[in-house]
Amino acid sequence: MASPAFSIDMGHATTTTQTCKSAYAATVTARRLAPLLIALRRGYCQAVFEDLARSSPEELAEIIRENHAPDTRLTFAAEILGRDVDTPAVAAMLKEIILTHPSPLVREGAVLGLSHHLQRIGVQTTLHRAAANDPSPGVRRAAAEALEG
Amino acid sequence: MPPQRRSKADRLSILLVRSGKSRHTSSEVSAEKFCDAEFQSPNSGGLIRVLSAYQIDAPQLVQCHTEHYAGAGLDPQGRPDFDLEGLAIDVVAEPLDEWPFRMTAQAHCNIRFGSDGEVQRMAELLLASLAARTHEVTKPEIRTYLRARVADADAEWVAFLNGPGVKATWRTLAGL
């Protein structure tokens with residue numbers, strides 16, 4: 001086992017290492033929480049979602065996935081995530097929302113977001129299913145329109 | 001030029017159009033949710049006290065919708081447009097500067113509300129007659145309109161479609 005290079009006092013070294021680990025963990029936690037705190041302070045508005053899509057899209061995805069906002073806000077979050085973040089993971093998440101989320105507002109937002117991913121595998125199938133089977137007429141129309149390209 | 005207030009007589013037989021976010025049905029959404037989804041400020045999350053809208057003749061709806069999305073830098077999208085005629089009291093003509101389309105520049109107006117309560121009341125009235133007041137412009141309608149303008153070599157659209165920064169989605173939809 002390598003000796004600590006920065007101290008000959010093992011007790012002190014352990015304490016310092018633990019302090020560093022705690023500080024690092026706190027920093028990581030703060031970084032992860034910062035977008036959520038900003039979103040909370042500013043009230044989950046569209047500008048915040050657009051900022052998050054640029055700076056930390058995984059946090060925006062988490063807000064949607066964990067239902068951290070009312071559905072009247074999550075609909076914009078889902079639309080902005082799909083519009084501004086072009087990754088397979090985002091497309092997969094939006095497909096899941098379309099098929100499972102209880103709120104038609106959020107499903108519609110996910111449809112609008114997913115309309116920017118039409119070339120990805122499975123996206124058109126999901127939209128066809130929504131256009132045919134979604135219980136909300138608004139979501140069905142949005143999905144049919146998304147398939148127009 | 002100072003803003004001009006339109007008289008009630010001026011507003012007869014025309015639509016006061018506000019582009020909407022969602023294809024709601026009144027049975028699916030509460031008044032509170034409807035108001036929050038449609039009239040929330042993009043920047044603050046609070047309710048919008050000054051709504052941007054257009055006063056147009058009904059046959060101009062597809063043109064208005066298409067020009068709005070193009071001029072605002074958005075992708076071409078089918079969305080509902082809400083007719084707020086008769087629901088808003090303080091409507092002030094506010095022609096748009098530096099807007100690529102003359103009709104919508106001239107038709108633009110602002111609807112002003114004195115409080116969140118006034119916005120919520122308007123939203124309740126709109127929701128109560130939502131089906132009659134919703135005019136959905138579809139993407140095929142936008143495509144047809146756009147291609148007709150291109151076929152006619154419409155100067156405004158030619159300039160827009162060949163301008164810097166135009167979204168590729170507009171050129172694609174126009175068949176270019």
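Two residues are in contact here if their C-beta atoms, placed from the backbone, lie within 7 Å. Keep that cut-off in mind for the whole tour. The model is predicted: local features need pLDDT of at least 70, side-chain atom pairs count only at pLDDT 80 or more, and totals for chains, interfaces and linings use all residues. Residues are numbered from 1 along each chain as its sequence is written, while chains are lettered from A and ligands numbered from 1 in the order in which they are written.

**Stop 1: the interface**

Show chains A and B together. Chain A brings 18 residues to the contact, and chain B brings 18 residues. Now select α2 (46-55), α4 (71-84), α6 (104-114) and α8 (137-146) of chain A; each supplies at least two residues of the side that touches chain B. Helices are DSSP runs of H or I with at least four residues, strands are runs of E with at least two, and both are numbered from the N terminus. Which helix gives the most to this side of chain A? It is α8(A), with five residues.

Colour that side of chain A by residue type. Seven residues are nonpolar, six polar and five charged. Nonpolar means Ala, Val, Leu, Ile, Met, Phe, Trp, Tyr, Cys and Pro; charged means Asp, Glu, Lys and Arg; the others, Gly among them, are polar.

**Stop 2**

Chain A has eight helices and zero strands. Of its 149 residues, 41% are buried. Buried means 20 or more other C-beta atoms within 10 Å of the residue's own, exposed means 12 or fewer, and partly exposed lies in between, with C-beta atoms placed from the backbone. Take the contacts in chain A with a separation of 6 or more: 54% join residues 24 or more positions apart.

**Stop 3: the cores**

A nonpolar core is a set of buried Ala, Val, Leu, Ile, Met, Phe, Trp, Tyr and Cys residues joined through C-beta atoms within 7 Å. The largest has 63 residues, and Leu60(A), Leu81(A) and Leu114(A) are among those that touch the most other members. Centre on Leu114(A). Leaving out residues up to four places away in sequence, its contacts include Gly82(A), Leu94(A), Ile98(A) and Ala146(A). Bring chain B back for a second, separate core of 10 residues, including Ala70(B) and Leu173(B).

**Stop 4: two loops of chain B**

Select Glu98(B), in the loop between β5 (90-93) and α4 (102-107) of chain B. Its phi is positive, about 50°, although it is not a glycine. Why does Glu98(B) count as exposed? Because it has 6 C-beta neighbours inside 10 Å.

Finish at Ala153(B), in the loop between α7 (139-151) and α8 (155-161) of chain B. Phi of Ala153(B) is also positive, near 55°. Ala153(B) has 8 C-beta neighbours inside 10 Å, so it counts as exposed.
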